[in-house]
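Please read the following note beside the sequence and the structure.

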Amino acid sequence: MGTVKENLISINERISEAALAAGRKPSDVKLIAVTKTVTADRISEAVACGVHELGENRVQELCGKYDDIENVNWHLIGHLQTNKVKYIIDKVSLIHSVDSLALASEINRRAEKIGKTQDILIEVNISGEESKFGITADECVPLCESISEMKNVRVKGLMTIAPLAETRENTERIFERLRLLSRNVDERKIDGIEMSELSMGMSGDFELAIAQGATYVRVGRGIFGARS
Ligand SMILES: *Cc1c(COP(=O)(O)O)cnc(C)c1O
């Protein structure tokens, strides 16, 4: 691994190449630097290199770093417990991991209290892997229909995490299924539900995700090196 700066240059090049290979614009793919276990000074190094989007999967870690890093958008990408929404509602630009009506309702209630409309993604467990959070593909339209009634929550798209042990072929198929599901939801024209974002792809598989339409890729180790 190189320095954070070198790694970022390389990841950004690979993102551009994957986008162009898929006939897409590199600027249509946004890089989220995943900062779990990474200290504030190394995060600042990434921010100094032009990173604007940061992702954390734990509420406590996000809150701990929030005041130390300025001029970035925070993304909550990990599982979110309903009782922790109150800690992050004023801090995050996008919540990627909404997987129940109860969670969406709590986000709506907390967002209303502070006069915010919170952008969210629905997390779908496409692979059906038992250890994964997320709703099934079949639950997606009904959940979107229920959320459609909420005034302070706006669905922007879908998110998934591919299992680590899959073959590249199976991983790409999982990303393809999320893209097709997103199109299917979009065609229902549910009031207030947008399907403009697809959050998929991590250090090991972001190029496959870009080939299948990812608009957000979430990269940790590829930028900051292995986590201890
Ligand atoms: C840790 C994490 C990532 C980044 O994984 P890397 O393999 O370090 O790129 C992406 N998404 C989620 C939800 C994560 O928890």
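**Note on a predicted model**

1. In helix α7 the buried residues are Thr171, Ile174, Phe175, Leu178, Leu181, Ser182 and Val185; buried means under 20% relative accessible area, exposed over 50%, and partly exposed in between, with a 1.4 Å probe and protein chains only. Seen down the axis of α7, these residues fall within an arc of 115°, so they line one face of the helix; the arc is that of the directions from the helix axis to the C-beta atoms. An α-helix has 3.6 residues a turn, so residues three or four places apart point the same way. On the other side of α7, Arg168, Glu169 and Glu187 are exposed.

2. The model is predicted: local features need pLDDT of at least 70 and side-chain atom pairs count only at pLDDT 80 or more, while totals for chains, interfaces and linings use all residues. Residues are numbered from 1 along each chain as its sequence is written, and side-chain values use heavy atoms, leaving out hydrogens and water.

3. Helix α7 covers residues 168-187; helices (H or I, at least four residues) and strands (E, at least two) are DSSP runs numbered from the N terminus. Its 20 residues should span 28 Å at 1.5 Å a residue, and because its end C-alpha atoms are 29 Å apart, the two values agree. The expected span is 1.5 Å times one less than the number of residues. Just after α7, Lys189 takes a positive phi of about 50°.

4. What do the buried residues of α7 pack against? Their partners are α6 (140-147), β6 (153-159), β7 (197-199) and α8 (206-211), where contact means heavy atoms within 4.5 Å.

5. Strand β4 (residues 92-98) has six of its seven residues buried. Three bridges join β4 to β3 (residues 73-76), and the two run parallel; three bridges also join β4 to β5 (residues 118-123), again in parallel. Strands pair if DSSP finds at least two bridges between them. Ile95 of β4 is the bridge partner of Leu76 and stands opposite Ile120 in β5.

6. Helix α5 (residues 101-113) has buried residues that pack against α4 (85-88), β4, β5, α6 and β6; among them are Leu103, Ile107 and Ala111. After α5 comes Gly115, with a positive phi near 70°.

7. The charged end of Lys30 sits over the ring of Tyr216, 4.5 Å from its centre, and Lys91 lies over the face of Tyr66, at 5.5 Å from the ring centre. The criterion is NZ of Lys or CZ of Arg within 6 Å of the ring centre and within 35 degrees of the ring normal.
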